Amino acid sequence: MMHMTFYWGKKVTLLFDFWRTDSWTSYAITLLACFIFSLFYQYMEDRRQRFRILSANSKRSYRPPPPPPTAAVNAPLLYTFPSVGGKWNSARFSTAILFGVNSAIGYMLMLAVMSFNGGVFVAVVLGLAIGYLLFRTGDEDDGVVDNPCACA
């Protein structure tokens, strides 16, 4: 029976039927795994953002299309892939792979928390917080705004 409210205890089924804890040792190893995966999630998020920034700074070949000179009513509703996403290069592909891996880890952490075990919840939240403290520099909010259109 799956719990629908938070509970505290050593018996938990996490993500898969074969990942069950029955002893305090297996429970502690499970909590450690949740903590390490949370740290890794923050590390990968930092790497992904740094890679995206570095690839954007190294190659400024793509600029979004300028706004249409007429009203926005004449703008097409759908664009083809090259006009929306820019050029398909290895940096863009690598960033997409990192995003996919990091999204998968994030969803697995979410599902782990949805086991409603209090220890798993605390391990994931502490792992995310400590991972943010260790790996994220806080400068990801700083961005360069490049406006090629001098609209005033």
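Okay, let's start with residues 24-44: that span is 100% helix and 0% strand, and its end C-alpha atoms sit 30 Å apart. Helices here are DSSP runs of H or I with at least four residues, strands are runs of E with at least two, and both are numbered from the N terminus.

Some housekeeping. This is a predicted model, so local features need pLDDT of at least 70, side-chain atom pairs count only at pLDDT 80 or more, and totals for chains, interfaces and linings use all residues. Residues are numbered from 1 along each chain as its sequence is written, and side-chain values use heavy atoms, with hydrogens and water left out.

How confident is the predictor? pLDDT is its confidence in each residue, from 0 to 100. The protein has a mean pLDDT of 80, and 69% of its residues reach 70 or more. Among the elements, helix 4 (residues 118-135) has the highest mean, 95, while helix 2 (residues 81-85) has the lowest, 51. Where pLDDT is low, the predicted coordinates should not be read in detail.

Now the overall layout. We have 4 helices and 2 strands, and along the sequence the pattern reads β-β-α-α-α-α. Of the 152 residues, 24% count as buried; buried means under 20% relative accessible area, exposed means over 50%, and partly exposed is in between, using a 1.4 Å probe and protein chains only. If you take contacts between residues at least 6 apart in sequence, 72% of them join residues at least 24 apart. Contact, by the way, means heavy atoms within 4.5 Å.

On to the helix packing. Helix 3 and helix 4 pack at about 145°, with 8 Å between their axes. The axes are lines fitted to C-alpha atoms, for helices over the stretch in contact, and angles run from 0 to 180 degrees between N-to-C directions. Which residues of helix 3 and helix 4 meet? From helix 3 you have Leu109, Ala112 and Val113, and from helix 4 Val120, Phe121, Val124 and Leu128. By class, that's 7 nonpolar, no polar and no charged residues. Nonpolar covers Ala, Val, Leu, Ile, Met, Phe, Trp, Tyr, Cys and Pro; charged is Asp, Glu, Lys and Arg; the others, Gly among them, are polar.

Let me zoom in on Val113. Val113 is buried, at 19% relative accessible area. Not counting residues up to four places away in sequence, Val113 touches Val120, Phe121 and Val124. Its C-alpha is 9.2 Å from that of Val125, 12 residues along the chain.

Also in helix 3 (residues 90-113) is Thr95. Is Thr95 buried or exposed? Buried, with a relative accessible area of 14%. Leaving aside neighbours within four places in sequence, Thr95 contacts Arg48, Phe51, Arg52 and Ser55.

Next, the aromatics. Rings of Phe, Tyr and Trp (its six-membered ring) pair if their centres lie within 6.5 Å; planes under 30 degrees apart are stacked, over 60 edge-to-face, and the rest tilted. That rule gives 6 aromatic pairs. One of them is Phe16 with Phe18: the centres are 5.2 Å apart and the planes at 5°, so the pair is stacked. Phe16 is partly exposed at 37%, and Phe18 is exposed at 71%. Then there's Tyr43 with Phe135, an edge-to-face pair, 5.3 Å centre to centre with 70° between the planes. Tyr43 is in helix 1 (residues 24-58) and Phe135 in helix 4, so this pair ties together parts 92 residues apart in sequence. Phe6, Phe116 and Phe121 form one aromatic cluster.

Last item: backbone angles. Most residues other than glycine have a negative phi. Phe116, in the loop between helix 3 and helix 4, has a positive phi of about 65°. Leu15 has a positive phi too, about 70°, and lies in the loop between strand 1 (12-13) and strand 2 (20-21).

How values were computed:
pLDDT is the predictor's confidence in each residue, from 0 to 100.
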